Amino acid sequence: MSSFDETEAIYVRELGIDDIAPIYHLGEGLFTSDLYPYLYRTWDEWEVIGLYNTDPEYCLVAETGGELAGFILGTIITKASWTYGYILWLGVSPKYQRRGVADKLVDKVVARMIEDGARFMLVDTDPTNTSALKFFNRKGFGNIRQHIFLSMNLSKHEYYGRLIDYEHQKAERAGYKRSRPAIRARKPDSVANEVVLNPLAGESQTTEDQSPI
Ligand SMILES: CC(C)(COP(=O)(O)OP(=O)(O)OC[C@H]1O[C@@H](n2cnc3c(N)ncnc32)[C@H](O)[C@@H]1OP(=O)(O)O)[C@@H](O)C(=O)NCCC(=O)NCCS
């Protein structure tokens, strides 16, 4: 049985400093790598910290009964004479889903974006994220355009793979040299101590930076 009280109000407010960690952890459970397999959409603490820093007016949380129920993080993009509102992250705790939390968060952020000149809204998600697609369709988002990502494993590429091997060898050579005690002519003790403190001093860099290719 759900512990949610249907009559409990959903309260939307701006994100505060103390919300950063709870939002990050809620997002960790929602924005999983199968939904967001692309680096440009990787959920990490910088998404919350960064947007809180740059776009605090479009970073909102929903609370119910004093508990964090969900959040929305957005930004505004201005291109030529057009202003777009962009919803970057929207997440609702599984405990509070299907109760209108996202609905309230989106309404509030869109109202703020309209106030700031937005006349278009953008959002993106994985094509398999049916709950989000249904949600956004119901809110009026449409005109779906698919975007294709291409990727390449550099290690398996004929040319770039050789560059990677070269970088590995360079790092190994540097590590090997650094782990060896510097061979130097005998010096008075004070100078010898300096060598121990700074074992890299005097190492030649001349051949290191020459690419084999
Ligand atoms: C998508 C998400 C934000 C929706 O939040 P929510 O608070 O549950 O949504 P709401 O209750 O305001 O929305 C209700 C409507 O959205 C649609 N919807 C939401 N979740 C749905 C689901 N699991 N299956 C089908 N439709 C769903 C329905 O039309 C629903 O209306 P109904 O309950 O009357 O059928 C939430 O499921 C979530 O956090 N998902 C994981 C993160 C994510 O994918 N975020 C979006 C991209 S950034």
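The legends below describe close-up views of a predicted model.

**View 1. The order of helices and strands in the protein.**
The protein has six helices and five strands. Read from the N terminus, these elements follow the order β-α-α-β-β-β-α-β-α-α-α. Of the 213 residues in the protein, 16% are buried. Among contacts with a separation of 6 or more, 62% are between residues 24 or more positions apart.

**View 2. Strand β1 beside strand β2.**
Strand β1 covers residues 11-14 and runs antiparallel to β2, with four bridges joining the two. Tyr11 stands opposite Glu63, a residue of β2.

Strands β2 and β3 pair in the antiparallel sense, and six bridges are found between them.

Strands β3 and β4 run antiparallel and are joined by 10 bridges. Most residues other than glycine have a negative phi.

**View 3. Ile77 in strand β3.**
Ile77 is a residue of strand β3. Is Ile77 buried or exposed? Ile77 counts as exposed because 12 C-beta neighbours lie inside 10 Å, and a residue with 12 or fewer is classed that way. Apart from neighbours within four places in sequence, Ile77 is in contact with Tyr84 and Tyr86. Ala118 is 41 residues away from Ile77 in sequence, yet the C-alpha atoms of the two are 8.6 Å apart in space.

**View 4. Strands β4 and β5 with helix α3.**
Strand β5, residues 120-123, pairs with β4 in the parallel sense over four bridges. Tyr86 has Leu122 of β5 as its bridge partner. Together, β4, α3 and β5 make a β-α-β unit, and this unit is right-handed.

**View 5. The largest nonpolar core.**
In soluble globular proteins, nonpolar side chains tend to be buried together. The largest nonpolar core in this model contains 27 residues. Within this core, the residues with the most contacts are Leu60, Phe71, Ile72, Leu105 and Val109. At least two core residues come from each of α1 (20-30), β2 (59-64), β3 (67-79), β4, α3 and α4. Which element gives the most to this core? Helix α3 does, with six residues.

**View 6. The surroundings of Leu105.**
Leu105 is one of the residues with the most contacts inside the largest nonpolar core. When neighbours within four places in sequence are left aside, Leu105 is in contact with Val12, Leu60, Ala62, Gly70, Ile72 and Leu90. Two of these partners, Leu60 and Ile72, are also listed with Leu105 among the core residues with the most contacts.

**View 7. The shell of residues around the ligand.**
The ligand has 20 residues around it, and those that come nearest are Gln97, Ala102, Asp103, Ser131 and Phe135. Strand β4 (82-92) and helices α3 (101-115) and α4 (130-139) each supply at least two residues of the shell. Which element gives the most to the shell around the ligand? Helix α4 does, with five residues. By type, the shell divides into eight nonpolar, seven polar and five charged residues.

**View 8. Arg98 in the loop between β4 and α3.**
Arg98 is found in the loop that lies between β4 and α3. Although Arg98 is not a glycine, its phi is positive, at about 60 degrees. Arg98 counts as exposed because it has 10 C-beta neighbours inside 10 Å, and the cut-off for exposed is 12 or fewer.

**View 9. Asn143 in the loop between α4 and α5.**
Asn143 has its place in the loop between α4 and α5, the latter made of residues 158-179. The phi of Asn143 is near 50 degrees, which is a positive value in a residue other than glycine. Why does Asn143 count as exposed? Asn143 is exposed because 5 other C-beta atoms lie within 10 Å.

How values were computed
Residues are numbered from 1 along each chain as its sequence is written. This is a predicted model: local features need pLDDT of at least 70, side-chain atom pairs count only at pLDDT 80 or more; totals for chains, interfaces and linings use all residues. A residue is near a molecule or strand if its C-beta atom, placed from the backbone, lies within 6 Å of it. Ala, Val, Leu, Ile, Met, Phe, Trp, Tyr, Cys and Pro count as nonpolar, Asp, Glu, Lys and Arg as charged, and the others, Gly among them, as polar. A nonpolar core is a set of buried Ala, Val, Leu, Ile, Met, Phe, Trp, Tyr and Cys residues joined through C-beta atoms within 7 Å. A residue is buried if 20 or more other C-beta atoms lie within 10 Å of its own, exposed if 12 or fewer, and partly exposed in between; C-beta atoms are placed from the backbone. Two residues are in contact if their C-beta atoms, placed from the backbone, lie within 7 Å. Two strands pair if DSSP finds at least two bridges between them. A crossover is right-handed if, with the strands pointing away from the viewer, the path from the first strand over the helix to the second runs clockwise.
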